[in-house]
Amino acid sequence: MGLADGQSTGRRGRAVLFTGKGGGGTTTVAAATATLAAQRGHRTLLVSFSPVGGLTATLDHPVAGEPVELEPGLFGQQVDVQGAFERRWDALRPLLDVAWTQAGLDPIEAEELAGLSGIGETLALLELRDQLTCDRYDLVVVDAGPAADALRLLAFPETLSWYCRRLLPPDGRFVRWIRPSLARSARLATRFGHLAEPVYDMLARLRATAADLRAILTDPVQTSVRLVLTPETASLAVTRQMFTALSLHGLPVDAVVANRVIGPGGGDVWRAGWAASHREQLEQIEAAFAPLPVLRAAYRGGEPVGLEELAAFGAAAYGSLDPAGVLGARVGLDGEAPRVERTEDGYALSFGVPFATRGDVDLARMGDELVVTVGPHRRLLALPAALRRCDVSAAWLRDDRLVVSFVPDPDQWVRA
């Protein structure tokens, strides 16, 4: 399947992605989930996109760029981005060869192109899509790494779509620039005019791919994100921020996993103090994320290593819950598209931003897009057609949602 091939066929498996504050045991929880799911009858693939390659140590079994069977029904894969790029290079190279030849440029080798910003995220998500649509797995469990890396990965399809939208019609900036009739000189028209068709084709395919990837990631039935944290103030703060960012981008979270929880028992003062602290933190965690389930994984003297220990760790955390199922949802925040409703004055656009405060939120209008900033996170929303001829009149937070009021612009409607 090509780098920019937006077509996907076949029955789709389900994806569960794990992320959290670095050092909180995300890899362990992902591996335990996959191992338990396989033992409970789900044909499961465990995938890591991290270049560090921690899966081999956690599984106590070598994994590489292609899925390897670890035990019946369980497969592991450590995605090699460079290798994934080279496999897709044959499909991409002919399109670029035409562009390079017409422009009189020296060809770029695969190694050079693979290092460009965004290539790694695109390839990782294409690998995920291919594994979900290959009919070999019921469940694909992804160790998505620390929060910042995971958010960049999960939000990338929308970023890629935004860039393609700016270059293709109706914006059509690239097309307007490249057409010979609009070229700045006859020399530019002669040199670059023939580039329009192959580059336009590539951009169109990239845009279709971005739409397909985003549809997978924002479908709460097919995809769930699970947040891993430890019962500590700093870890809870990072997890709240991550949940806000995921909700801002419409990505569904179905559970929180509290890892390394020290429970009562043992008799010594040191342990009793930590147990009391963790009990208080767990109360705050459950209150913050309700009604999402908060799974608990007990503190151990060492991280579980190997399939037997991982399965026991997973069984203790999940209990009777199906690790492959949708575990929970927060109504109004679960991967839904922004909601548009009619009002007396015009329209109201709303979407989930849990834990945000008034001082966190900033809005800006940029053409047919709304730029929404919540703390350090930003999303560019393409406005529905009904709102493009309207002005933003007000915005407020209500029930963990940002509501933006739009009123018709009389000048826009008259000109239309």
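A polar contact is a pair of N or O atoms within 3.5 Å, where, within protein, one atom must be able to donate a hydrogen and the other to accept it, and where residues adjacent in sequence count only if both atoms are side-chain atoms. The structure is a predicted model, in which local features need pLDDT of at least 70 and side-chain atom pairs count only at pLDDT 80 or more, while totals for chains, interfaces and linings use all residues. Residues are numbered from 1 along each chain as its sequence is written, and side-chain values use heavy atoms, with hydrogens and water left out.

Arg43 sits in the loop between helix 1 (26-39) and strand 2 (44-48), where helices (H or I, at least four residues) and strands (E, at least two) are DSSP runs numbered from the N terminus. Arg43 counts as partly exposed because its relative accessibility is 38%, a value between the limits for buried (under 20% relative accessible area) and exposed (over 50%), with a 1.4 Å probe and protein chains only. Leaving aside neighbours within four places in sequence, Arg43 is in contact (heavy atoms within 4.5 Å) with Gly73, Phe75, Arg136, Tyr137, Asp138 and Leu139.

Thr19, by contrast in setting, belongs to strand 1 and counts as buried because its relative accessible area is 1%. The side chain of Thr19 has a polar atom 3.5 Å from the backbone oxygen of Pro146, and the Thr19 side chain also reaches the backbone nitrogen of Ala147 at 3.4 Å. Beyond four places in sequence, the residues in contact with Thr19 include Thr26, Gly145, Ala150, Val225, Arg226 and Met242.

A search of the whole structure finds 10 of them. In one, Arg14 pairs with Asp254, with the closest N and O atoms 3.6 Å apart; this pair links distant parts of the chain, for Arg14 lies in strand 1 (residues 14-20) and Asp254 in strand 7 (residues 253-261), 240 residues apart. Both Arg14 and Asp254 are buried.

Another salt bridge brings together the side chains of Glu286 and Arg296 at 2.9 Å, N to O, and it joins helix 11 (residues 269-289), which holds Glu286, to strand 8 (residues 294-298), which holds Arg296, across 10 residues. Glu286 is partly exposed because its relative accessible area is 32%, and Arg296 is partly exposed because its value is 42%. A further salt bridge links Glu309 with Arg300 at 3.0 Å, N to O; here Glu309, with a relative accessible area of 36%, is partly exposed, and Arg300, at 33% relative accessibility, counts as partly exposed too. Salt bridges that share partners also join Arg14, Arg226 and Asp254 into one network.

The interior can be followed through its nonpolar cores, each a set of buried Ala, Val, Leu, Ile, Met, Phe, Trp, Tyr and Cys residues joined through side-chain atoms within 4.5 Å. The largest has 43 residues, and those with the most contacts inside it are Phe49, Leu128, Val140, Leu246, Ile285 and Phe289. A second, separate core of 30 residues includes Ala31, Leu36, Ala255 and Val257. Val140 touches, among others beyond four places in sequence, Arg14, Leu45, Val47 and Leu128.

Aromatic rings form pairs as well: rings of Phe, Tyr and Trp (its six-membered ring) pair if their centres lie within 6.5 Å, with planes under 30 degrees apart counted as stacked, over 60 as edge-to-face and the rest as tilted. The structure holds five such pairs. One of them, between Phe243 and Phe289, is edge-to-face, at 5.7 Å centre to centre and 70° between the planes, and it links Phe243 in helix 10 (residues 233-248) to Phe289 in helix 11, 46 residues apart. Phe243 is buried because its relative accessible area is 3%, and Phe289 counts as buried because its relative accessibility is 0%. Together with Phe355, these two residues form one aromatic cluster.

How values were computed. Salt bridge = Lys/Arg side-chain N within 4 Å of Asp/Glu carboxyl O.
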